[in-house]
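Hi everyone, thanks for coming. I'd like to walk you through one model today, helix pair by helix pair. Let me put it on the screen.

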Amino acid sequence: DLANTAWAFATTCMHAPIFLNAIADVALPKISNFSQQALANTAWAFATAKIQAYPLFDAIAQATIIILNDCTPQNIADILFAFANLNIEAPALFDAIVTITLEKLNQFTQLALTNIVWALATV
């Protein structure tokens, strides 16, 4: 699974942009089939490795918007954190996240809310 491979590689803290960019190339046409967890793991991995794969993040944003209502608060916070950490703007995604966060505010932990506010203020 591409998301888990990217996540696992990023956790090793090895700098391997060629490897992760190859994962991005393979993942891009499949991203609409990724689960919310796979989207969050992929975004987190690239943010952790400091790889700004813009086409991949555009696809992650679009795929996340489609399934956002079903996403866990943690996955929402992780995806938004990744965009902010790489300073990648995605206004439609950010607007959708604000809306869903306000609708489901009582489901978010204090940490998730703090991360969302930080991310929105950062980008």
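Let's begin with a crossing: α6 and α7 cross in a left-handed way, where left-handed means that the near helix is turned anticlockwise from the far one by less than a right angle, and right-handed that it is turned clockwise. Before I go on, a word on the source: this is a predicted model, in which local features need pLDDT of at least 70 and side-chain atom pairs count only at pLDDT 80 or more, while totals for chains, interfaces and linings use all residues. Residues are numbered from 1 along each chain as its sequence is written, and side-chain values use heavy atoms, with hydrogens and water left out.

Back to our pair. Helix α6 covers residues 91-103 and helix α7 residues 110-122; their axes come within 12 Å and cross at roughly 150°. The axes are lines fitted to C-alpha atoms, for helices over the stretch in contact, with angles from 0 to 180 degrees between N-to-C directions. So α6 and α7 are roughly antiparallel; that label needs an angle over 145 degrees, whereas under 35 is roughly parallel, 65 to 115 roughly perpendicular and the rest oblique.

Which residues of α6 and α7 meet? From α6 we have Phe94, Ile97, Val98 and Thr101, and from α7 Leu113, Ile116 and Leu120, contact being heavy atoms within 4.5 Å. Six of these residues are nonpolar, one is polar and none is charged. Here Ala, Val, Leu, Ile, Met, Phe, Trp, Tyr, Cys and Pro count as nonpolar, Asp, Glu, Lys and Arg as charged, and the others, Gly among them, as polar.

Now for another partner of α7. Helix α5, residues 73-85, packs against α7 at about 25°, with the axes 9 Å apart, so α5 runs roughly parallel to α7. On the α5 side the contact includes Ile76, Leu80 and Phe81, and on the α7 side Ile116, Trp118 and Leu120 are among the residues. By class, this contact has eleven nonpolar, three polar and no charged residues.

Next, α4, residues 54-67: its axis and that of α6 come within 9 Å and cross at roughly 30°, which makes α4 roughly parallel to α6. Ala61, Thr64 and Ile65 of α4 touch Ala92, Leu93 and Ala96 of α6.

Finally, let's zoom out. Of its 123 residues, 44% are buried, meaning under 20% relative accessible area with a 1.4 Å probe, protein chains only.

Methods
Buried < 20%, exposed > 50% of the residue type's maximum accessible area, 1.4 Å probe, protein only. Helix = DSSP H or I, 4+ residues; strand = E, 2+ residues; numbered from the N terminus.
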